[in-house]
Amino acid sequence: MAKAKGAIVVDVERCKGCQVCMVNCPTDTIGMATEVNGKGYHYAYMKNPENCTGCTNCAIVCPDGVITVYRVKQN
Amino acid sequence: MEVKEIIRPENLVYRRTPLMTDANLSYCPGCGHGTVHRLIMEVVEEMGIQEDTIGIAPVGCSVLAYDFMNIDCTQAAHGRAPAVATGIKRLWPDKYVFTYQGDGDLAAIGTAETIHACNRGENITIFFVNNGIYGMTGGQMAPTTLEGMKSSTSPYGRNNATMGPPYKITEMVAQLEGVHYVTRQAVHKPGPVRKAKKAIRKALELQKENKGLSLIEFVSNCNSGWKMTPNDSNTWMEENMFPFYPMGDI
């Protein structure tokens, strides 16, 4: 069965660290960084990049639209 | 496969719509306003009607919506957005006209304009974001505040005996003859977001067919006003707001 592999890119400076993406990620890919961005928020990042399936759930719930999603199908 | 190999333009499946401007959203972290803005702009992009859409911003947190949406926008006096939309739509019947309002704007100060625009069946779309509070001015009680809910002007909780019960303006206008499509949606989780996007598309397509007024209510959170974290406020909303404001078409 073809397996989807995904990756996300977070616009770090726009992220407000609200954690809505983290809770809605079904594969526990997203975590919050210990570092902060220019505004002082702990931004989202890929904690477990190998888990990501590129389902776009995080991107469509992100209130600030900071997440870009990429996906490839592997055989 | 390495992350770097996946991140290539040909593998792109989701990106921020270019119809949202580069301005930083002025909303608090986790606020549903940003999601609703983006969904409307995604639908406008998919329908290819950027040049033919006119938005009307309200007074409230979303007063700066014209800065964030890359379409023609104007801004109305408090609560008067449906009246301004009526004028614009009558001058340009071929344009897509929508208002974007909060609960303080639509259900309190603009009650008369809302109800009469709905009653006349103006061919516009109203996007109504209901978070049960006046968010911008510091969390005062709104007509939509739930019974027992604490706000800065009801510090012991809303008392129905002295303050009146919360009211459902969406159900009220659904009774009116001129209103064609009324629905209540939410944007706190991926499933509801997908449904909300379909509802927005349906409302704008109905406007093309001159079917009459359509109103979409988004039950949203106000984590700053409710004094909660974004995810706690979403859970609180599911447990307390949804029983009183049920989802679905009305």
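Colleague: How many bridges join strand 1 of chain A to strand 4 of chain A, and do they run parallel or antiparallel?

Modeller: Some ground rules before that. This is a predicted model, where local features need pLDDT of at least 70, side-chain atom pairs count only at pLDDT 80 or more, and totals for chains, interfaces and linings use all residues. Residues are numbered from 1 along each chain as its sequence is written, while chains are lettered from A and ligands numbered from 1 in the order in which they are written. Helices (H or I, at least four residues) and strands (E, at least two) are DSSP runs numbered from the N terminus, and two strands pair if DSSP finds at least two bridges between them. Here, strand 1 (residues 3-10) and strand 4 of chain A run antiparallel, joined by eight bridges. Within that pairing, A:Ile8 stands opposite A:Val69 of strand 4.

Colleague: Which strand of chain B pairs with strand 4 of chain A?

Modeller: Strand 1 of chain B does, in the antiparallel sense over two bridges, with strand 4 of chain A covering residues 67-74. A:Tyr70 has B:Leu12 as its bridge partner, and A:Val69 has B:Tyr14.

Colleague: How many residues of each chain are in contact?

Modeller: Contact is a C-beta matter: two residues count if those atoms, placed from the backbone, lie within 7 Å. By that rule, 27 residues of chain B touch 29 residues of chain A. On chain B's side, helix 2 gives the most, with four residues.

Colleague: What about phi, which sign should I expect?

Modeller: Most residues other than glycine have a negative phi. You'll find A:Thr56 in the loop between strand 3 (42-46) and helix 2 (57-61) of chain A. B:Lys227 also isn't a glycine and has a positive phi of about 60°; its loop lies between helix 10 (223-226) and helix 11 (230-244) of chain B.

Colleague: Why is A:Thr56 called partly exposed?

Modeller: Count the other C-beta atoms, placed from the backbone, within 10 Å of a residue's own: 20 or more is buried, 12 or fewer is exposed, and in between is partly exposed. A:Thr56 has 18, so it is partly exposed. B:Lys227 has 12 such neighbours inside 10 Å, so it counts as exposed.
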